[in-house]
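Welcome! Take a look at the structure first, and then read on.

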Amino acid sequence: KFFNKFDSGNVEKGNFGEKFIYSYIIDKFSNCTITDTHKNTSFGDMLFKYDKLNTMIESKNVNSLKKDDINKFYKDINIRTENNEINSALFVSLNECSISESCRYFSFEIKNKIPIIFISNTFKNPELIRISIIILNYMTKFITNFNNNLCIHNIVNELENSIHLINKQFEYIDTDKKLITKFQQNLTAKENDLDKLLDTILSTIHNNKLETNENID
């Protein structure tokens, strides 16, 4: 009854997802503070503060993302950056959902002069949350200490290349998991066949009363 209610109720799923993210972040960033803002208008689900970060976090525990979900996230960012309340934003999809046509697990961009990260499938890969926060923290410091001799577009391009490699690694991991499962199934099938073959041989020897010695055994 509990899980039926959980599966059918968006509120229950949302609350569970937020608690999952909260527990993970508190465990990995012990000196941080997290404020529940999901009841506040246009403020995401929580406000995360750590080191130089003031990060608005949006949590989604759904099977597919809607365009309206992304648009609302951008709208909230506009409001909060105009008020200088945040310097970064993180969109967390707990299930595997396509972030965009070209991104599956991880997407980075700069909007309203703040770094923004989208991540997906974090129930199975919670370490993406930690990696994202580390990147956001680095980028906010970089933007704050921006040097005109450096081109931020070059930095963004390098990050995009790195993110592409990260996405490829997750694809490889998925393929490896499927291969490992198939390999385990084959091992089990081989063991079963060998057991049957051994039983057949022993049964044949026994039924035909063949003479055996130690070498044959």
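## The largest nonpolar core

The largest nonpolar core has 28 residues, and those that touch the most other members are I25, F48, L90, F106, I117, I119 and I133. Two or more residues of this core come from each of the helices α2 (10-28), α4 (127-144) and α5 (152-207), and likewise from each of β2 (46-50), β3 (53-60), β4 (88-93), β5 (106-111) and β6 (114-120). Helix α4 gives the largest share, seven residues. Please keep in mind that this is a predicted model.

Setting aside neighbours within four places in sequence, I133 is in contact with I25, F29, F48, L53 and L90. In general, nonpolar side chains in soluble globular proteins tend to be buried together.

## A second core

There is also a separate, second core to find. This one has 17 residues, and L47, L65, I77 and F118 are among them. Keep F118 in mind, as F118 is also part of an aromatic cluster.

## Aromatic pairs

How many aromatic pairs does the structure hold? There are twelve. One of these aromatic pairs joins F16 and F123, with 6.0 Å from centre to centre and 45 degrees between the planes, a tilted arrangement. F16 sits in helix α2 and F123 in the loop between β6 and α4, so the pair links distant parts of the chain, 107 residues apart.

F73 and F118 make an edge-to-face pair, with centres 5.4 Å apart and planes at 75 degrees. This pair also links distant parts of the chain: F73 belongs to helix α3 (residues 67-82) and F118 to strand β6, 45 residues apart. Both F73 and F118 are buried.

## A serine in strand β5

Our last stop is S107, which is found in strand β5. S107 counts as buried because its relative accessibility is 12%, below the 20% cut-off. Apart from neighbours within four places in sequence, S107 is in contact with I99, I116, I117 and F118.

Note on methods. Residues numbered from 1 in each chain as written. Predicted model: local features only at pLDDT ≥ 70, side-chain atom pairs only at ≥ 80, totals over all residues. Heavy atoms only, no water. Core = buried A, V, L, I, M, F, W, Y, C linked by side-chain atoms within 4.5 Å. Buried < 20%, exposed > 50% of the residue type's maximum accessible area, 1.4 Å probe, protein only. Helix = DSSP H or I, 4+ residues; strand = E, 2+ residues; numbered from the N terminus. Contact = heavy atoms within 4.5 Å. Phe/Tyr/Trp six-rings, centres within 6.5 Å; stacked < 30°, edge-to-face > 60°.
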